[in-house]
Protein chains: 2
Amino acid sequence: MTGGGEFDFIARLFQPLAGEGALDLRDDAALVAGRAGYELAISTDTIVESTHFLPDDPAGSVGRKLLRVNLSDCAAMGAEPFGWFLNVARPPARDEAWFIDFADGLAADQRRFGVRLLGGDTTGTSGPLVLTATILAWVRHGEALRRNGARVGDDLWITGTIGDATLGLAALRGACADPDGSLTQRYRVPEPRLGMRLHGIAHAALDVSDGLVQDCGHIARESGVAITIEAASVPLSAAARSSGAAIGRLLAGGDDYELLLAVPPSRAAALQAEAARAGIAVTRIGRVWEAAAGGRVMVLGADGAPLALPRGGWQHF
Amino acid sequence: MTGGGEFDFIARLFQPLAGEGALDLRDDAALVAGRAGYELAISTDTIVESTHFLPDDPAGSVGRKLLRVNLSDCAAMGAEPFGWFLNVARPPARDEAWFIDFADGLAADQRRFGVRLLGGDTTGTSGPLVLTATILAWVRHGEALRRNGARVGDDLWITGTIGDATLGLAALRGACADPDGSLTQRYRVPEPRLGMRLHGIAHAALDVSDGLVQDCGHIARESGVAITIEAASVPLSAAARSSGAAIGRLLAGGDDYELLLAVPPSRAAALQAEAARAGIAVTRIGRVWEAAAGGRVMVLGADGAPLALPRGGWQHF
């Protein structure tokens, strides 16, 4: 790794993850050759023990979550990830055995998603474990999906199901049943929705990480539109349905890492065909409206009336 | 910034630092167009409060150090930096006033070095402040300087002066005099040696961050050679000379961020001309020898005999 050599054993653990351009993690920088007709999309996320993952989460799932939350950003941009950087600030209590499992989880997901480690840095900290991943992805020139492209009349679509991860976190805290462990799994190992070619289909996209309602607010604000979510249309897993959790809680909970898409009605069939090809479920959950002042999100109940959410039916961002 | 919105005020502070490709720090990723004939060199470093900087170092200098230790990696690769990413794990005690000064320091160095912020992530931590910078730089295809290219017969050159930063750290701890503050300044704000075109001149390069002897070991190991350093030739500042510190301590201290170069004698004049053009001092300090087993560094005293260093005259890495 570039930088300090405080944790040679970690560098040894990570070297098997390195690929072309990493220079064996032994130089001052990695080298990436350009790709004609493509732009580089670069995304970075930091996750902190006790904030983004639990201290006793399995090390392998912590590594996979780190990688996957960044892969999800690539999916939201319509970009194909190929390489990444790992920065570790490590407390003394995290021993070599922990990092062996951590690296095993990373190796499994590198194979699955076709990415390779390009570089990073390891250092010590007296505080909680802090992990940063920075992902590089290729996107055809001019084809990146943005948050600011939603247009009045677009339908709003979501991949997968919403609310499982927030229930999984509750289950890990003993506040929710999770008989088959599926909710916990969704919290620990999100599923980045890579593989769809959405240029020419979606006007706007983002990955839902802060909660569906809040992230709808991001699209509404950046695009200068209003958004309604039809609560009864939001797809829920069988486990979430049988949890009895209020819909408002599921719509406000975080860590879903599903793609939220603004798609004109004329492209609905194209979206469904592309999603079917990629093996990803998509559901229409709402609509984009004109907004005198942008940034408004309203959740409608089954009767069409605004739903009272924990922070009020209208969310202002 | 991409990722969580825990610290909107930080995002506001950092938005003025953003430039082309950052998408106003409001999307899931930054976008970087390719540059024909160039490769992208990417370097990343993490610095942690109380390990890489002192808790009461001025916020502006912490920002500049973060940026400069990465710019120094670019210099070592012979690459021209243009953009960077910032990840912050922030303890509650670091308030907005601290981050205003931090961003001011970054803004000053962005102007000086011609780089722009492209993205990042901010989150909270219950531990010390953890800062990660990831820098992007262009280098002409095939012209990147590596650590593994030193050849038997090369001379070893160093930029600037050695040992000031380690004395500056000692001064901040009350263990060394620093009448004009120059040693402290070198510890807090290193000087990345950008601006020389060293392709075709240097066979190998790295930036000295772990201490001159240890970093010579990195070149020796990666290149499969032995290295001798002539202690009397190592350039020292007036402040370091008058400190009375033993030479062994200066050669082993870290945070110099000078460039260490392996240059064939036939290119010495070209190196000196290029350094003069860039306004950077360079000094010949040693030589590259054949090594049956690579990785050996010997420091020679003024009498030509091996010098006893704190960890022994021969360093094995």
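Colleague: How many residue pairs are in polar contact between chain A and chain B?

Modeller: The count is 10 residue pairs, with both partners at pLDDT 80 or more. Keep in mind that this is a predicted model.

Colleague: What area do the two chains bury between them?

Modeller: Chain A and chain B bury about 4,100 Å², and carbon and sulfur atoms account for 51% of it. In chain A, the residues that lose the most area to chain B are D28(A), L31(A) and I42(A), which together make up 16% of what that side buries. The contact takes 55 residues from chain A and 55 residues from chain B.

Colleague: Which elements of chain A supply the side that touches chain B?

Modeller: Those with at least two residues each are β1 (30–33), β2 (38–48), α2, β3 (80–90), β4 (116–124), β5 (130–140) and β7 (204–208). The most comes from β2(A), with 10 residues.

Colleague: How does that side of chain A split by class?

Modeller: There are 23 nonpolar, 19 polar and 13 charged residues on the side of chain A that touches chain B.

Colleague: Changing topic. Which domains does the assignment give for chain A?

Modeller: Domain 1 covers 8–140 and domain 2 covers 155–316. Their C-alpha centres lie 27 Å apart. The contact between them takes 22 residues from domain 1 of chain A and 17 residues from domain 2 of chain A.

Colleague: What area is buried between those two domains?

Modeller: About 1,600 Å², with 58% of it from carbon and sulfur atoms. On the domain 1 side, L54(A), K65(A) and R68(A) lose the most area to domain 2, together 29% of what that side buries.

Colleague: How many salt bridges are there between the domains?

Modeller: Four between domain 1 and domain 2 of chain A. As for side-chain pairs, R188(A) and D57(A) meet in a salt bridge at 2.6 Å, N to O. Domain 1 and domain 2 of chain A also have seven residue pairs in polar contact, both residues at pLDDT 80 or more.

Colleague: Which helices supply the domain 1 side?

Modeller: α2 (59–77) and α3 (96–113) of chain A each supply at least two residues of the side that touches domain 2. The largest share is from α2(A), at 11 residues. By class, that side of domain 1 divides into 11 nonpolar, three polar and eight charged residues.

Colleague: What does UniProt annotate over residues 27–137 of chain A?

Modeller: The unreviewed UniProt entry has "domain: PurM-like N-terminal" there. In the model, residues 27–137 of chain A are 33% helix and 39% strand, and the end C-alpha atoms are 22 Å apart.

Colleague: Where does UniProt place the "binding site" feature?

Modeller: The unreviewed entry puts "binding site" at G120(A), D121(A), R147(A) and S209(A). Those positions span 90 residues in sequence and their farthest two C-alpha atoms are 31.1 Å apart, so they do not all gather at one spot. G120(A) is in strand β4 of chain A.

Colleague: Back to salt bridges. How many over all chains?

Modeller: The count comes to 32 salt bridges over all chains. E143(A) forms a salt bridge with R197(A), where the closest N and O atoms are 3.2 Å apart.

Colleague: Where do E143(A) and R197(A) sit in the chain?

Modeller: E143(A) is in the loop between β5 and β6 (155–159) of chain A, while R197(A) is in the loop between α5 (182–188) and β7 of chain A.

Definitions and conventions: Residues are numbered from 1 along each chain as its sequence is written. Chains are lettered from A and ligands numbered from 1 in the order in which they are written. This is a predicted model: local features need pLDDT of at least 70, side-chain atom pairs count only at pLDDT 80 or more; totals for chains, interfaces and linings use all residues. Side-chain values use heavy atoms; hydrogens and water are left out. Domain bounds come from an automatic or database domain assignment. Contact means heavy atoms within 4.5 Å. Buried area is the accessible area (1.4 Å probe) that two parts lose on being put together, summed over both. A polar contact is a pair of N or O atoms within 3.5 Å; within protein, one must be able to donate a hydrogen and the other to accept it, and residues adjacent in sequence count only if both atoms are side-chain atoms. Helices (H or I, at least four residues) and strands (E, at least two) are DSSP runs, numbered from the N terminus. Ala, Val, Leu, Ile, Met, Phe, Trp, Tyr, Cys and Pro count as nonpolar, Asp, Glu, Lys and Arg as charged, and the others, Gly among them, as polar. UniProt positions are given in the numbering used here, feature names are shortened, and annotations may be inferred rather than shown by experiment.
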